[in-house]
Amino acid sequence: MDGTNDLMRQTEESPAGGQDAQKGKYMTFKSGNEYFGLEIQYVNEIIQFQAITAIPETEDYIKGLINLRGKVIPVVDVRLRFKQEAFEYNDRTCIIVINVKSMIVGLIVEKIAEVVEIKDENILPPPTIGRVDKAHHNKYVYGIGKVGNSVKLLLDPDKLLNDDDLSAVEQAGELGMDEEDE
Amino acid sequence: MAEGFNTEDMLDMYLFENTQLLEQLQETVLEQKDADYFDEDSINEIFRTMHTIKGSSGIMMFDNITKISHKLEDVFYYLRESQPHNVPHLELVDHVLEVESFISEELEKIQNGDSADGDPSEIIERLDEFLNRIKNGVPGGAKEPEVENKHEEPKHFYIAPVATSASRFFRIYITFYPETEMANVHAYKTVYALKEVAEDLLYSPEDLISDESSSETILHDGFKMLLQAQCSEDELREIIGVGYDIKKVDIYECRAEEFLQGFDFGEHNATNIDLESSVEDIESRIKDAESLEPNTKEEKKKPEKPKIAPGDFVIQSREPGKQKKLAKDKPKGEKASFISVNVSKMDQLMELIGELVISESVVLQNPDLKVPGLNLNSFNKAAAQLSKISTDLQNVIMSMRMVPLTNTFQKMNRIVFDVSRKLGKDIEFEMVGEHTEVDKNIIEHISDPLMHLVRNAVDHGIETNAERIDSGKPDKGKVTLSAKTEAGKVWISVEDNGAGLDREKILAKAKNQGLLDGSKPDAAYTDKEVYQFITLPGFSTNEKVTEYSGRGVGMDVVVQNLQAIGGTLDIESSPGMGSVMSLKIPLTLAIIDGIVMETGGSAFVMETGVIKEFIRVKEEMMIHEPSGEEYIMIRGECYPVLRLGKWYGLEEYKDSVEDGVMLILEVEDKKICLFVDKLIGEQEIVVKPIPSYIKKVRGLSGCTQLGDGSIALILDAGGLLE
């Protein structure tokens, strides 16, 4: 009886175990000069860059629609999303397909870096230098992960997709010096 | 309820069956609402329906439904047996519909997981009162009184669910050993065993349990049974089983007629007469077979049975043979050719076929095939065959999703009836083309709009009886609901011969609400523009708010619902003659024929139906307004021009009209010229929604996948025209 219970617990746990294995792992990519991290549970897959059908009259960072094996998904250019300079897509450009609250969106990033493990104790809240009311500006970076000597900005994908206006430059600026109001 | 039943399934089945029964009932009632009385078939049908609902509700323990259906059953029982001539027909129709509504509401509650807590007592009271009234009015009442109170003693038969044509009839004689004690109990045991297989079972002596003398009769005369069942003689023997008590079992198969004659006893006594009537009952069961009588609750049914039996007898003696014919009219196999399928499975199939259509075009338009010098003869043949099959497949799945509008229209019939009765208006309702078929998804969307329109027509459209007489119109108002398909669209119109829309009143009201553009004189508004005001939220010209309409909600909801499925509402009206509200809705939403075109490097698709013409134009046909707007003269007609590339701010679109193509689009009598770079081809396209992440873009209704796997945007002509 106990034996079967154990077995059942094991089989039941295997998907949950997958979740456990995912915990603390981050998909990192480069955009501009910074490295960003996304919790791996949001990442469905990484696909090669493919032809995008542009949609008129949308925000410039929404590049359009791609056909992912029969599913139509929108793609967002992360650099444009952060109001950074546009970059030219090449064959090394990748699309990270993420699933946030069952909305599937592709993120165009310059370069995929690696999957890293960041322990909770190595994640710091983003420093809020300057006036406190500015804190709402860096909502989409919810933490800064230390990996060895480097630093990854950890992204909240929900805010990344839905917050109205954000600018990585502005945020980066905030981290260093106090810039003007938006 | 006994444990171990899957009550969930039972409940589903209960709801499904009874909902269908009620729909059927309503249809029957409405069909005959204008007659002077219900004909015999309908009375029987209503009676049967109520009986079935009562039975199944009893099993599911929905007491209020059981009570109310029982009461209505009583009324119809009386009608069918006594044939009173003085029944106020319309009142009866009201009563039936009232009960129908009550049960429908309860069923809906149950379906939504609420408890069926409606209180039927008021309706039951009214029915009681009604029943008493017609009973007392019956002159003579020849058969009625004796029927009520007769046969109170428990009967000696069991009735099991279904009698089918595969049934066989047996006479069974069981002889017990003379020394057997309590032979009646042994006999009862046999009866009990046979009940499992019996469709019908009579036995003699009838009273095994309480009458101890039956034991002697059994020992003396043997125990006789008449059995209707679907098993063989050997199986019966096995069930009865010869044991220490049973000496001999004789089983003779007999024909139905003999079976119906009952036992050929020596002594003709009261029991025999009783048997006679119960034989009639068997007949009634045969006739009733399709109503799937539940098997349990014998105790409950017993007291009612005798009531039915003489009733059947009366009818049958008047028209011999009729009942059997009824049974044959509805062959058992009929239902087997339909199965009900979960809609989500249909949607899934639809989606898969959509995928198939796309992959087909991916294969057939594969760039690998474009290599020069390939011999593709046999490939092309095979490809043609594949295309044919996939087109057929699409047509089949489409036709599976197509549902006739009959049910929806029937509901409207009910609304006209209810509302007109309450308002005291005399209104005739006509349905034209109710068999027109429409995609199931669309039907769900048009039911509410139609209801609003029909209510409006009855309430606002048609005048009161007095007003009609004053204006010299025929005293009966008329509402016509018609449907037809034309050019890939379904047209449904609600037409009334009432007063029509009052242009002045609408204009005045619009002015009050500040909807009019002050600089424009009233007369400058076309009738159509004026009528469009009534589709705005909060606009109602009816001063009185009635129970049914006049709250100013309705027309805007109608328009919204229609727009959601790409439909439109058209209003026509002539003062004093009535108005026509026409809905124009697409036949289906899923796969459409489209023209693929390209502008500024992007592919767009336009539904084939709205494109009137492709035309190459010359620069001198263009008319430029200083404001930047452009028009074009084509064969003496002037069309506004919309350049797709400019409209969407695309890059690198063709600037000169001579390089591209003009498409003349027509939507709701409005025409426009759309300028695109080039045409690519015609294709069946599977409409997919644009992901919700992207906010609504004007003029786009969806997207689709092209043969090369890329995505094209579907243009919505209506949106472009705005």
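Analyst: This is a predicted model. In chain B, residues 24 or more positions apart account for 72% of the contacts with a separation of 6 or more. The secondary structure of chain B comprises 24 helices and 23 strands, and 32% of its 722 residues count as buried.

User: What makes H17(B) and H18(B) roughly parallel to each other?

Analyst: Helix H17 (residues 406–423) and helix H18 (residues 440–461) of chain B have axes that come within 10 Å and cross at roughly 25°. Angles under 35 degrees count as roughly parallel; H17(B) and H18(B) are therefore roughly parallel to each other. Their crossing is right-handed.

User: Why is H2(B) called roughly antiparallel to H3(B)?

Analyst: Helix H2 (residues 40–60) and helix H3 (residues 63–82) of chain B pack at an angle of about 155°, and their axes are 8 Å apart. Since angles over 145 degrees count as roughly antiparallel, that angle makes H2(B) roughly antiparallel to H3(B). The crossing of H2(B) and H3(B) is left-handed. Among the residues in this contact are Ile43(B), Phe47(B) and Lys54(B) of H2(B), together with Ile65(B), Glu73(B) and Phe76(B) of H3(B). The contact has 10 nonpolar, 7 polar and 3 charged residues.

User: How do you know whether Thr480(B) is buried, partly exposed or exposed?

Analyst: Thr480(B), found in strand S9 (residues 477–486) of chain B, has 17 C-beta neighbours inside 10 Å. A buried residue needs 20 or more, and an exposed one has 12 or fewer. The count of 17 lies in between, and Thr480(B) therefore counts as partly exposed.

User: With which residues is Thr480(B) in contact, leaving aside its neighbours within four places in sequence?

Analyst: These are Glu430(B), Val432(B) and Glu495(B). Glu430(B) is 50 residues from Thr480(B) along the chain, while their C-alpha atoms are separated by 4.7 Å.

User: Which members of the largest nonpolar core touch the most other members?

Analyst: In this core of 66 residues, they are Leu107(A), Met606(B) and Phe675(B). Strand S23 (residues 711–715) of chain B gives the most to the core, with 5 residues. Beyond its neighbours within four places in sequence, Met606(B) is in contact with Gly594(B), Ile595(B), Met597(B), Ile611(B), Leu663(B), Leu715(B) and Ala717(B). A second, separate core has 37 residues, including Phe409(B), Ile427(B), Leu450(B) and Val530(B).

User: How many residues of chain A are in contact with chain B, and what classes do they belong to?

Analyst: Contact is made between 17 residues of chain A and 19 residues of chain B. On the side of chain A that touches chain B, strand S4 (62–68), strand S5 (71–77) and strand S7 (103–109) of chain A each supply at least two residues. The residues of that side divide into 12 nonpolar, 4 polar and 1 charged.

Technical notes: Residues numbered from 1 in each chain as written. Chains lettered and ligands numbered in written order. Predicted model: local features only at pLDDT ≥ 70, side-chain atom pairs only at ≥ 80, totals over all residues. Core = buried A, V, L, I, M, F, W, Y, C linked by C-beta atoms within 7 Å. Helix = DSSP H or I, 4+ residues; strand = E, 2+ residues; numbered from the N terminus. Contact = placed C-beta atoms within 7 Å. Nonpolar A, V, L, I, M, F, W, Y, C, P; charged D, E, K, R; others polar. Axes fitted to C-alpha atoms, helices over the stretch in contact; angles between N-to-C directions. Parallel < 35°, antiparallel > 145°, perpendicular 65-115°, else oblique. Left-handed = near helix turned anticlockwise from the far one by under 90°.
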